[in-house]
Amino acid sequence: MALLLCHVPLQTLATVSSISTFASNSKPPCVSLTNQQSYLLFTPRGLNNSFLSLSTMPRKLLCKPPQGKYVREDYLVKKLSAQEIQDLVKGERDVPLIIDFYATWCGPCILMAQELEMLAVEYEKNAIIVKVDTDDEYEFARDMQVRGLPTLFFISPDPNKDAIRTEGLIPIQMMRDIIDKEM
């Protein structure tokens with residue numbers, strides 16, 4: 001099955017009714033991407049002379065998404081399950097816990113992973129830094145109200161202090177300040 005995609009300037013869209021006879025007698029469907037351009041979608045003859053929409057076509061991946069490229073066994077920041085995180089939070093600790101909610105397809109998460117690795121080297125025994133993949137642990141991420149990625153939770157060993165939550169890519173110095181001053 002072939003799909004023909006033609007670029008047509010928006011101002012000439014009104015004059016393209018002659019193209020519609022290629023597939024059927026009605027006007028071809030149009031997808032407007034910007035104010036300056038528009039795209040016509042139609043199929044060649046022999047496919048019931050009907051138009052296809054992008055939503056009804058089967059999806060095909062161009063390439064496989066990265067599967068944890070930046071989470072390896074030799075990294076200091078380990079990926080944990082929801083149950084392991086809950087056990088860690090409830091357990092006895094004398095150092096702060098930093099939880100990174102990430103996804104393998106998230107660009108800022110990859111940058112944050114690099115910063116967290118540097119932080120793990122700096123705070124070797126003075127902080128515990130772990131990761132949770134939101135695709136694998138989506139229910140846990142939903143329960144923790146993770147809306148944007150990356151999301152970090154800084155949990156103090158003192159049960160009287162509230163956890164600090166950040167969303168989005170934050171500088172490493174801000175993470176140092178939270179650990180040093182707020183925990």
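User: Before we start, what counts as a contact here?

Analyst: Contact means heavy atoms within 4.5 Å. Among contacts in the protein between residues at least 6 apart in sequence, 66% join residues at least 24 apart.

User: Thanks! And what kind of model is this?

Analyst: It's a predicted model, where local features need pLDDT of at least 70 and side-chain atom pairs count only at pLDDT 80 or more, while totals for chains, interfaces and linings use all residues. Residues are numbered from 1 along each chain as its sequence is written, and side-chain values use heavy atoms, with hydrogens and water left out.

User: How many helices and strands are there?

Analyst: The protein has 4 helices and 8 strands, taken as DSSP runs (H or I, at least four residues, for helices; E, at least two, for strands) and numbered from the N terminus. Along the sequence the pattern is β-β-β-β-α-β-α-β-α-β-β-α.

User: Why is strand β6 largely enclosed?

Analyst: Because 5 of the 6 residues of β6 (residues 128-133) are buried, meaning under 20% relative accessible area with a 1.4 Å probe, protein chains only. For the protein, buried residues make up 36% of the 183 residues.

User: Which strands are joined to β6?

Analyst: Strand β5 (residues 97-102) runs parallel to β6, with 6 bridges; strands pair if DSSP finds at least two bridges between them. Phenylalanine 101 has valine 132 of β6 as its bridge partner.

User: How does the chain get from β5 to β6?

Analyst: Through helix α2 (residues 107-122), in a right-handed β-α-β crossover: with the strands pointing away from the viewer, the path from the first strand over the helix to the second runs clockwise. Strand β4 (residues 78-79) is also parallel to β6, joined by 2 bridges, and lysine 79 has lysine 131 as its bridge partner in β6.

Methods:
Buried means under 20% relative accessible area, exposed over 50%, partly exposed in between (1.4 Å probe, protein chains only).
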